[in-house]
Amino acid sequence: MIRTHGIEPYLGDIISPDQGREVDPFTDPETVRLVAINLELAVRNLISARAPPECLVITADICTHKLMAVPTADGDVKVLVFDM
């Protein structure tokens, strides 16, 4: 038997992109930089697979930071870091 469930968006941890900062390759830890590049590549792959860019937001939570990758209006990808 196949069961279907509605997916409700979880808005509890939504963070405004205005609160984040760009990844700093000189001061951010290696873990943050590696997760950031993986998120950026994932968004680029989804864009190249013809996914609508206005719907793409990928986030990752690591111990000390939250990262968010979003496409920009000029076709690039921006990765933001939020300190927890």
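Helix α1 (residues 30-48) lies across β2, β3 and β4 (77-83), and its axis makes an angle of about 25° with β3. This is a predicted model, where local features need pLDDT of at least 70, side-chain atom pairs count only at pLDDT 80 or more, and totals for chains, interfaces and linings use all residues. Residues are numbered from 1 along each chain as its sequence is written, and side-chain values use heavy atoms, with hydrogens and water left out.

**Fold**

- The protein chain has one helix and four strands, and from the N terminus on the elements go β-α-β-β-β. Helices (H or I, at least four residues) and strands (E, at least two) are DSSP runs, numbered from the N terminus.
- As for that angle, axes are lines fitted to C-alpha atoms, for helices over the stretch in contact, and angles run from 0 to 180 degrees between N-to-C directions.
- The four strands make an open sheet, ordered β1-β4-β3-β2, with antiparallel pairing. The edges are β1 (21-22) and β2 (58-61), each pairing on one side only. Two strands pair if DSSP finds at least two bridges between them.
- β2 is joined to the antiparallel strand β3 (residues 65-71) by four bridges. Thr-59 has Met-68 in β3 as its bridge partner.

**Burial and surface**

- Of the 84 residues in the protein chain, 25% are buried. Here buried means under 20% relative accessible area, exposed over 50%, and partly exposed in between (1.4 Å probe, protein chains only).
- The chain exposes about 6,400 Å², with carbon and sulfur atoms supplying 57% of it. Accessible areas come from the Shrake-Rupley method with a 1.4 Å probe; for residues, only the protein chains shown count as cover.
- Leu-34, Ile-37 and Leu-41 make up a nonpolar surface patch with about 260 Å² of accessible area together. Patches take residues with over 30% relative accessible area and no salt bridge, joining like charges within 9 Å and nonpolar side chains (Val, Leu, Ile, Met, Phe, Trp, Tyr) within 5 Å.
- Ile-37 sits in helix α1 and is partly exposed, at 39% relative accessible area.

**Contacts around Leu-39**

- Leu-39 is also in helix α1, but this residue counts as buried, at 8% relative accessibility.
- Setting aside neighbours within four places in sequence, Leu-39 is in contact with Ile-58, Thr-59, Ala-60, Leu-67 and Ala-69. Contact means heavy atoms within 4.5 Å.
- Val-57 is 18 residues away from Leu-39 along the chain, and their C-alpha atoms are separated by 9.5 Å.

**Salt bridges**

- The count comes to five salt bridges, each a side-chain nitrogen of Lys or Arg within 4 Å of a carboxyl oxygen of Asp or Glu.
- Arg-44 bridges to Glu-40, with the closest N and O atoms 2.9 Å apart. Both lie in helix α1, four residues apart, about one turn of the helix.
- Arg-44 also bridges to Asp-76, with the closest N and O atoms 2.7 Å apart. That pair links distant parts of the chain, as Arg-44 is in helix α1 and Asp-76 is in the loop between β3 and β4, 32 residues apart.
- Arg-44 is partly exposed at 32% relative accessibility, and Asp-76 is partly exposed at 36%.
- Salt bridges with shared partners tie Arg-21, Asp-28 and Asp-83 into one network. Within it, the side chains of Arg-21 and Asp-28 meet at 2.8 Å, N to O.
- Arg-21 is partly exposed at 30% relative accessibility, whereas Asp-28 is buried at 5%.
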